[in-house]
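Good morning, colleagues. Please have the sequence and the model open while I speak.

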Amino acid sequence: RAWLPPEVWRAIGSRHTLVSGTGLLVDTVAAEVQRAAARHGGTLRRTTETPDQAPADLVLALTATLPGRRPPAAGPGVDLAALGALGPEGYVVARHGAATVLLADAPAGLLYGLFHLVRLGETAFSGAAAFSGAAAPDSAAAFGPPRVFRPAMARRMLDHWDNVDVHPVMGQVERGYSGGSIFWRDGAPAAGRSRITAYARLLAACGINAVSVNNVNVHATEARLLTDRLDDVADLADLLRPYGIRVHLAVTFAAPVVLGGLPTADPHDPAVRHWWAQTTRRVYARLPDFGGYLVKADSEGQPGPFSYGRDHADGANLLADALAPEGGVVHWRAFVYNHRQDWRDRRTDRARAAYDHFAPLDGRFRDNVIVQVKHGPVDFQTREPVSPVVAAMPGTRLAVELQVTQEYTGQQKHVCHLAPWWSEILRFAPWGADGRTVADVAADGGGLVAVSNVGDDPFWTGHPLAQANLYAFGRLAWDPRLDPSALLDEWIDLTFDPARSADPQLLRRTLHEIMDDSWRTYERYTAPLGVGFMVRPGHHYGPDVDGYEYTAWGTYHFADRDGVGVDRTRATGTGFTGQYPSPWSEVYESLDRCPDELLLFFHHVPYHHVLHSGRTVAQHIYDTHFDGVAEVAAMCRRWERLAGLVDPALHARVTERLAEQLRCAREWCDQVNAYFHRKSGVPDAQGRPLH
Ligand code: GCW
């Protein structure tokens with residue numbers, strides 16, 4: 001019940017296909033083709049060496065099997081030499097004589113190329129295919145000269161916040177909205193192994209190649225995955241490997257103490273260094289393709305180097321040194337801030353924390369350390385500026401972390417299609433329009449990472465439409481320039497097989513109408529103008545405007561009778577704007593130039609402040625909240641039109657979730673509007689009820 005149902009393999013499955021090459025992933029490719037052929041009437045021939053000249057509609061070949069790197073069938077040659085090395089995951093697709101040819105230097109390339117052909121469907125064989133990818137400028141071109149596809153990011157990773165045990169407060173999956181873990185059940189590996197294989201296949205089809213299999217908050221049982229429960233991790237790795245996915249593990253910095261019985265975890269202590277080296281050696285002896293460690297240290301109660309008077313470079317390098325001989329990496333999270341802040345203290349600013357801790361360490365991290373930065377400076381809010389850390393560490397490999405799980409964006413009860421938001425983030429140019437983008441920094445560094453939204457729910461993601469977020473994340477990590485709307489089409493094509501629908505246009509149009517703008521709709525009825533939070537403390541679902549206002553978590557809006565927002569300017573506030581390079585440093589500092597949607601993130605303004613839109617802040621709050629609710633009501637009506645056009649169980653599930661979204665959106669609207677009306681006394685220009 002996700003993308004890649006058997007029907008979407010029709011084009012490939014009805015052809016005569018030749019697969020040549022050896023390797024685990026070539027076996028996977030052949031098995032996929034075989035399964036499709038068995039269903040749709042085609043055939044598969046398999047060779048391990050030079051393909052014969054017998055005719056085929058589709059040739060999938062490792063270049064090593066081609067003498068002189070020339071493709072087998074007759075016709076104009078694909079000049080591979082001119083195309084350059086395809087790399088470990090790249091591939092080339094071409095029409096070649098009467099055949100479609102997919103070539104790769106390495107097995108993973110064949111696998112990703114195969115899924116590319118699935119996306120193309122019949123057009124892959126028509127001779128007039130737009131085979132250049134969803135957003136490439138020439139995507140309308142005919143199936144022209146051979147083109148090479150290579151991922152922008154070498155590592156495209158999902159972090160599961162899954163616990164082996166059920167945590168008393170967080171449940172099994174921390175911030176999981178799709179049931180229990182697909183990896184773990186009742187304290188042991190989950191029995192549904194075929195489900196894990198199915199998951200690996202879904203991930204490979206959107207380009208993901210690495211998974212961290214346990215929560216970054218590492219509790220007692222999960223800590224042991226590193227040592228005496230390593231076999232459980234190796235079992236998972238066996239299931240994920242055939243689809244090119246490497247396993248990573250979240251580890252606790254206190255492991256030498258809690259697992260090794262040492263008196264300290266001090267990174268400078270020789271016994272501690274020895275323990276990590278030994279332990280890591282044992283991990284690789286059992287699991288030679290292990291990816292590496294993921295660490296949340298000195299954050300929200302997790303142990304870290306600060307306890308020993310050391311900094312995060314000392315901590316990260318300790319693990320990096322243990323991993324280096326084995327070829328592993330450590331993903332070291334930059335999500336470090338004081339979660340025991342005094343709300344009365346107006347000078348401490350959580351937004352500053354990651355930069356303040358990490359920017360001074362630039363240049364001190366080993367090559368196999370990847371500092372993993374949340375995309376925004378605070379915490380996965382619906383709207384935040386890009387984290388200034390992205391532009392502050394030129395001598396460090398950075399990975400950018402997104403949140404596919406919808407902790408702050410409706411918890412998979414609300415439709416909130418996040419690809420447009422991620423696309424904005426990835427295209428953002430921290431040094432100004434002509435400079436490198438966030439995507440460039442991630443591509444040159446540690447890649448793109450996201451927190452997974454998957455669980456043991458029959459639809460995988462609780463809300464069936466939330467699958468599109470997972471799909472889009474993988475595709476954007478492969479190519480950050482892809483157009484979000486085109487990606488939605490890809491997902492629709494691969495999931496609903498609209499060609500076979502009774503009304504393909506209605507299906508596609510309705511899904512676009514509901515999903516394209518749904519992130520902005522969500523933004524309209526929740527916290528305004530980038531101020532963030534206003535969610536119910538703890539579980540973070542639904543409105544509570546002052547819920548965090550007098551807590552220790554550092555997430556405040558400072559609304560009073562005159563105005564609202566956080567003054568983060570250098571002139572009068574926390575100085576956070578100074579963490580950005582020019583021009584953003586000046587743009588965000590300036591009340592006039594700051595973009596409306598981030599105004600309250602950077603400035604505290606009176607309710608009568610006039611936005612670029614021409615409306616006052618108070619009127620903007622009222623209008624957007626009413627609009628947001630109306631848009632959700634429209635989503636509900638539109639979805640009704642799809643009854644009978646999609647699987648009835650899926651239709652029912654979405655209907656039920658939309659009803660909850662509408663209820664919750666009204667609640668948000670009424671609470672936020674009532675709150676600001678009561679604080680400010682400003683009436684609504686349109687006289688609507690503000691309660
Ligand atoms: O947003 C917060 C979440 C925590 C999470 C933390 C993090 C895993 O509320 O549940 O802990 O972020 O990213 O580490």
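I begin with the ligand: the residues of the shell around it divide into four nonpolar, one polar and five charged. The shell consists of W161, E174, R175, V216, N217, K296, F335, D379, F380 and E407. Please bear in mind throughout that this is a predicted model.

Let me turn to the barrel. Eight strands form a closed barrel in the order β7-β12-β13-β14-β15-β16-β17-β18, and their pairing is parallel. From one strand to the next, the twist averages 25°.

Strand β12, residues 210-212, runs parallel to strand β13, residues 246-250, and three bridges join the two. Within that pair, A210 stands opposite R246 of β13. Next, β13 pairs in the parallel sense with strand β14, residues 292-295, again over three bridges. There, H248 has G292 in β14 as its bridge partner. Moving on, β14 is joined by four bridges to strand β15, residues 329-333, and these two run parallel. G292 stands opposite V329 in β15, and L294 has H331 as its bridge partner in β15.

D159 lies in strand β7, residues 156-159. Is D159 buried or exposed? It is buried, because 27 other C-beta atoms lie within 10 Å of D159, and the cut-off for a buried residue is 20 or more. Setting aside residues up to four places away in sequence, D159 touches S212, V216, L294, V449, V451 and S452. Of these contacts, V216 is also named in the shell around the ligand, and L294 is the residue whose bridge partner is H331. For a sense of distance, D159 and P385 are 226 residues apart in sequence and 22 Å apart in space, C-alpha to C-alpha.

Six strands form an open sheet in the order β2-β1-β3-β5-β4-β6, with mixed pairing. Its edge strands are β2 (43-47) and β6 (147-149), each of which pairs on one side only. The twist in this sheet averages 15° from one strand to the next. Helix α4, residues 107-120, packs on the sheet and touches β3 (58-62), β4, β5 and β6. The direction of α4 makes about 145° with that of β5.

Within this sheet, strand β1, residues 16-20, runs parallel to β3 and is joined to it by four bridges; S20 stands opposite A61 in β3. Strand β3 also runs parallel to β5, with five bridges between them, and L58 has T100 in β5 as its bridge partner. By contrast, strand β4 (residues 91-96) and strand β5 (residues 99-104) pair in the antiparallel sense over five bridges, with V93 and L102 as bridge partners.

Why is β3 described as largely enclosed by the rest of the structure? It is so described because five of the five residues of β3 are buried. L58, L60 and L62 point one way from β3, V59 and A61 the other way, and all are buried.

In soluble globular proteins, nonpolar side chains tend to be buried together. Here the largest nonpolar core has 212 residues, and those with the most contacts inside it are L110 and V330. Its largest share, nine residues, comes from α22. Leaving aside neighbours within four places in sequence, L110 is in contact with G21, L25, V26, V29, L60, L62, Y91, L102 and A104.

Finally, I come to helix α18, residues 518-525. Seven of its eight residues are buried, so α18 is largely enclosed by the rest of the structure. The buried ones are S518, W519, T521, Y522, E523, R524 and Y525. Among the elements that cover them are α13 (419-427), α17 (504-515), α21 (617-640) and α22 (648-680).

Thank you for your attention.

Note on methods:
Residues numbered from 1 in each chain as written. Predicted model: local features only at pLDDT ≥ 70, side-chain atom pairs only at ≥ 80, totals over all residues. Near = placed C-beta within 6 Å. Nonpolar A, V, L, I, M, F, W, Y, C, P; charged D, E, K, R; others polar. Pairing = 2+ DSSP bridges. Axes fitted to C-alpha atoms, helices over the stretch in contact; angles between N-to-C directions. Buried ≥ 20, exposed ≤ 12 C-beta atoms within 10 Å, placed from the backbone. Contact = placed C-beta atoms within 7 Å. Core = buried A, V, L, I, M, F, W, Y, C linked by C-beta atoms within 7 Å.
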